[in-house]
Amino acid sequence: MAKITLHSDSPSSATSVSNIFIDEYMSDANGEFVKIYLYLLRLMNVPDASFSISSIADKFEHTEKDIKRALSYWERMHLLRLEYDDNENLTGVCLLDSSSRKADKSSGSDSSNDGSASSKSATTAFAAQKSSVAQESPSALEVPKKKSYSADDIKNFRQNEAVAELFFIAERYLSRTLNATDINTILYLYDILGFSTDLIEYLIEYCVSKGHTSIRYIEKVALAWADSNISTVADAKQAASLHSQSYFMVMKALGISGRNLVPSETCLIEKWKSEYGFTNELIEEACKRTISSIHQPSFEYTDSILSNWHKRQIKTLDDIAKLDAEHQSKKKGTTQTAGTSGASSKNKFNNFTQRSYDYDQLEKMLLTTTVR
């Protein structure tokens, strides 16, 4: 592969990392992307600096596709500019002065044409939004809004080799031709949530392996990952491993042994974890209450408990304790009311207004009648 010229618009020739990069960009980016960017800074110290995609891939033991993805990411962050020849071959990388990016961000300008509305990671922006409404009701939290991509937008995205390959792989996993909703959702994950194509590919593979090919379900899992700050395939695999631990926890809590969980059961656990967002301790508590109530394992009964908790916006064991206390208080009030009502109606002969008599007057009336 041809050598690529590397140059910069910054007057500094030292290998230095600006505070703006550290403060505003580094914490949001994939760690491998950061390595690539720092390596580009280092290469700037080499006279007539040049490199190739393959040479960097070999150095970091990545694929060339990984290196291209890192370069594209930093271009979207406006920290470098990729230069191409007339045949769309990458010929140069210009490292842009990060100090000027600070001004761009504060003024709200966006010089890129990739459809991204922010120079920071969308996933991190979602996490920041979550933090800002932490004291509000759960309904106050809004996920990043979807947009409807035009035919020209989709055509432009398809010119990205990685995105075009992602569409192809998605069709193979879902066993269908992607419709407009499928394409818009995938672009939403890539363009708005900031998921890499590798992460989206693993997301689809993961959902399909669990028996879910609905694009709506895939989107829900993606939002749960974004909510958990999952931004790499490694993060997603670790989360999947935790889900496997959830399976064993549920089996133990329900007293299931000697068999594996069937798909319908694993799907319910996935719903409790991904859709409802319950922790293992809340799921375990629901399982214990199932056994305590009906004395046998029942995923349907456990699901009814968790669905009720989800409806009531239960998030912690303390919330459950408050709900139990409220239930006991209502039950006690009902019992007291019933007891008072029972006492007043204990003698059925007292259920009418009693009369009072003047017995002396009645006796005189009786004597008078007898004498006659």
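Of the 372 residues in the protein, 35% are buried, where buried means under 20% relative accessible area with a 1.4 Å probe and protein chains only. The model is predicted, so local features need pLDDT of at least 70 and side-chain atom pairs count only at pLDDT 80 or more, while totals for chains, interfaces and linings use all residues. Residues are numbered from 1 along each chain as its sequence is written, and side-chain values use heavy atoms, without hydrogens and water.

The protein contains 17 helices and four strands; these are DSSP runs numbered from the N terminus (helices H or I, at least four residues; strands E, at least two). Among contacts (heavy atoms within 4.5 Å) between residues at least 6 apart in sequence, 65% join residues at least 24 apart.

Helices α8 (residues 161-174) and α10 (residues 197-209) pack with their axes 10 Å apart and at an angle of about 5°. Axes are lines fitted to C-alpha atoms over the stretch in contact, and angles run from 0 to 180 degrees between N-to-C directions. The two helices, α8 and α10, are therefore roughly parallel to each other, a term for angles under 35 degrees. Residues of α8, including Leu166, Ile169 and Tyr173, meet residues of α10, among them Ile200, Ile204 and Val208.

Helix α13 spans residues 263-275 and reaches 17 Å from its first C-alpha to its last, close to the 18 Å expected; the expected span is 1.5 Å times one less than the number of residues. Buried residues in α13 include Leu268, Ile269 and Trp272. Just after α13, Gly277 takes a positive phi of about 75°.

Notes
Buried means under 20% relative accessible area, exposed over 50%, partly exposed in between (1.4 Å probe, protein chains only). Angles under 35 degrees count as roughly parallel, over 145 as roughly antiparallel, 65 to 115 as roughly perpendicular and the rest as oblique.
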